[in-house]
Amino acid sequence: ATATEASCIGAFGAFLIVIVKGKFNLRVLAATLRDTAQTTAMIFFILIAVTLFSRFMALTGFTRSLGNLAVAHGMSSPIVVLLLVLVAFFILGCIVDPTSLLLLIVPIVFPVMTKVGYDPIWFGVICVIMIEVSFLTPPVGLGVFVLKSVTDSTLEEIFAGITPFILMWFLLIALLVCFPAIALFLPRAMLGR
């Protein structure tokens, strides 16, 4: 099932549970519809704002200039640029939700990364991994709060428990930096390269 189909099945399952428990009424339906409309409006507002922001960046030539500036000022070493981008992802991931992080940072850093020679597919994999890390890092750590809502553990216990997983994500990034073919093998095989 696609993500959309899975979410529909989950929503329908939740609807059935509410009916079976006898908690369905017009007040619950109205509150659910209101909350859904608010969440949808927020997501669309973020998408519209990011689209405008990305177009502004493209029209002003900011991203192209940033790439030229990085190369001109001695940051032509791809590893230095990558480390700066990873640090930015990590710091912003601690304070910004993952969707906003992805939509805000990628339009800025993608042209820089391709300008210094990184493969776009490889960088996409790195971005997805950093988004996964941001799902776990405090204080926003959405994955942690979801886990807290379904267990009796404290946030401190959960954060202590996920620390090894965050370290493993960083080990994976180190492996992908040292051996980019790990991320590029399958796409290259599909493209016949």
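Modeller: This is a predicted model. In it, helix α2 and helix α5 are roughly parallel to each other, because their angle of about 10° falls under the 35 degrees that counts as roughly parallel. Their axes lie 10 Å apart.

Colleague: Which residues of α2 meet which residues of α5?

Modeller: On the α2 side they are Ile 46, Leu 47, Val 50, Phe 53, Ser 54 and Met 57. On the α5 side they are Ser 100, Leu 103, Leu 104, Pro 107 and Ile 108. By class, that contact has nine nonpolar, two polar and no charged residues.

Colleague: And at what angle do α4 and α6 cross?

Modeller: The axes of helix α4 (residues 78-95) and helix α6 (residues 120-134) cross at roughly 30° and come within 9 Å. That makes α4 roughly parallel to α6. The crossing is right-handed.

Colleague: What makes the contact there?

Modeller: From α4, the residues include Leu 82, Phe 89 and Gly 93. From α6, Trp 122, Ile 126 and Met 130 are among them. The contact of α4 with α6 has 12 nonpolar, two polar and no charged residues.

Colleague: A change of topic: how many cavities of 30 Å³ or more does a search find?

Modeller: The search of the whole structure finds one. About 30 Å³ of space lies in the largest cavity.

Colleague: What lines the largest cavity?

Modeller: Its lining consists of Asp 119, Ile 121, Leu 184, Pro 187, Arg 188, Leu 191 and Arg 193. Helix α9 (residues 181-191) provides the largest share, four residues. By class, the lining has four nonpolar, no polar and three charged residues.

Technical notes
Residues numbered from 1 in each chain as written. Predicted model: local features only at pLDDT ≥ 70, side-chain atom pairs only at ≥ 80, totals over all residues. Heavy atoms only, no water. 1 Å grid on protein atoms, 1.4 Å probe; cavity = no way out; pocket = protein on both sides within 12 Å on 5 of 7 lines; lining within 4 Å. Points joined across faces, edges and corners; volume = space filled by probe spheres on them. Helix = DSSP H or I, 4+ residues; strand = E, 2+ residues; numbered from the N terminus. Nonpolar A, V, L, I, M, F, W, Y, C, P; charged D, E, K, R; others polar. Axes fitted to C-alpha atoms, helices over the stretch in contact; angles between N-to-C directions. Parallel < 35°, antiparallel > 145°, perpendicular 65-115°, else oblique. Contact = heavy atoms within 4.5 Å. Left-handed = near helix turned anticlockwise from the far one by under 90°.
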